Each structure stands twice: as structure tokens, then as C-alpha cells.
Amino acid sequence: MKWPLWFLKLKENWLPARRIIVIEADTPPQKLPWRSLVLAREDNEDWAVAFRCPCGCGKRLELMLIKEAKPNWSISINQRDRPTLHPSVWLKGGCKSHFWLREGKVVWV
């Protein structure tokens with residue numbers, strides 16, 4: 001079920017910020033936590049990050065972090081394990097969500 005945008009914005013302010021879980025692998029696991037992001041890192045190289053779509057549709061999102069992949073994203077993690085992704089995430093099909101992830105919080109576009 002896709003929630004209305006006003007509800008998603010309200011919910012984002014009340015829930016704790018998303019955190020990052022780092023695993024030693026070149027791909028994220030199939031089973032993902034409810035709100036956290038899973039970062040696949042192998043030999044100190046970040047490969048991909050995966051998480052569930054924040055709109056509530058449950059879609060698995062896996063974003064490539066390696067420069068050779070197109071498209072690719074970059075991730076930064078602050079001291080409190082809160083991730084920031086660049087550029088925004090825009091799903092062209094399905095729920096069509098478009099958002100930024102800034103310090104563990106979703107900013108809807």
C-alpha cells in the first residue's frame with residue numbers, strides 16, 4: 001500500500017533515523033531489515049547498499065556504489081551511523097517514489 005505523501009513526511013519526523021549495517025560481501029543479503037540500510041563492503045571497497053522503499057510498498061532497492069556501474073550512487077556515513085546518499089533515488093516504475101536520504105532521514109521530492 002502506498003501511503004499519502006503528507007503521511008510519509010509526518011511519519012519520517014516521528015521515527016528514528018535510519019542506520020547503516022555494514023556486511024563483508026560484494027552483494028547485500030536478500031532479507032533486509034525494516035528501516036536500516038545494508039552496505040555490502042568487501043576488502044574496504046563499498047559495492048552496494050540495499051534497503052526497503054520508504055513509501056511502504058516493500059520494494060527492495062539495491063543501489064550500486066562502484067564507479068563502473070551506471071547508474072551509481074555515493075554514500076557517506078556520519079559518526080552516528082546515519083547514511084546520506086547522493087544523488088536522489090527516483091523509481092520510474094512501480095510506486096514511483098522520489099526522495100533524498102540525508103543523515104538517515106528521507107526527504108521526499
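Is F7 buried or exposed, or partly exposed? I looked it up: F7 is partly exposed, with a relative accessible area of 26%. (Buried means under 20% relative accessible area, exposed over 50%, partly exposed in between, with a 1.4 Å probe and protein chains only.)

I note that this is a predicted model, in which local features need pLDDT of at least 70, side-chain atom pairs count only at pLDDT 80 or more, and totals for chains, interfaces and linings use all residues. Residues are numbered from 1 along each chain as its sequence is written, and side-chain values use heavy atoms, with hydrogens and water left out.

Aromatic pairs. I took rings of Phe, Tyr and Trp (its six-membered ring) as paired if their centres lie within 6.5 Å; planes under 30 degrees apart are stacked, over 60 edge-to-face, the rest tilted. The count is three aromatic pairs. W6 and F7 make an edge-to-face pair, 6.0 Å centre to centre with 85 degrees between the planes. W6 is exposed, at 60% relative accessible area. I also found one aromatic cluster, formed by F51, F99 and W108.

Charges over rings. My rule was NZ of Lys or CZ of Arg within 6 Å of the ring centre and within 35 degrees of the ring normal. R35 lies over the face of W34 at 5.5 Å from the ring centre. K92 lies over the face of W90 at 3.7 Å from the ring centre.

Strands. I took strands as DSSP runs (E, at least two residues), numbered from the N terminus, and as paired if DSSP finds at least two bridges between them. β7 (residues 89-90) pairs antiparallel with β8 (residues 98-102) over two bridges, and W90 stands opposite H98 in β8.

Key:
Helices (H or I, at least four residues) and strands (E, at least two) are DSSP runs, numbered from the N terminus.
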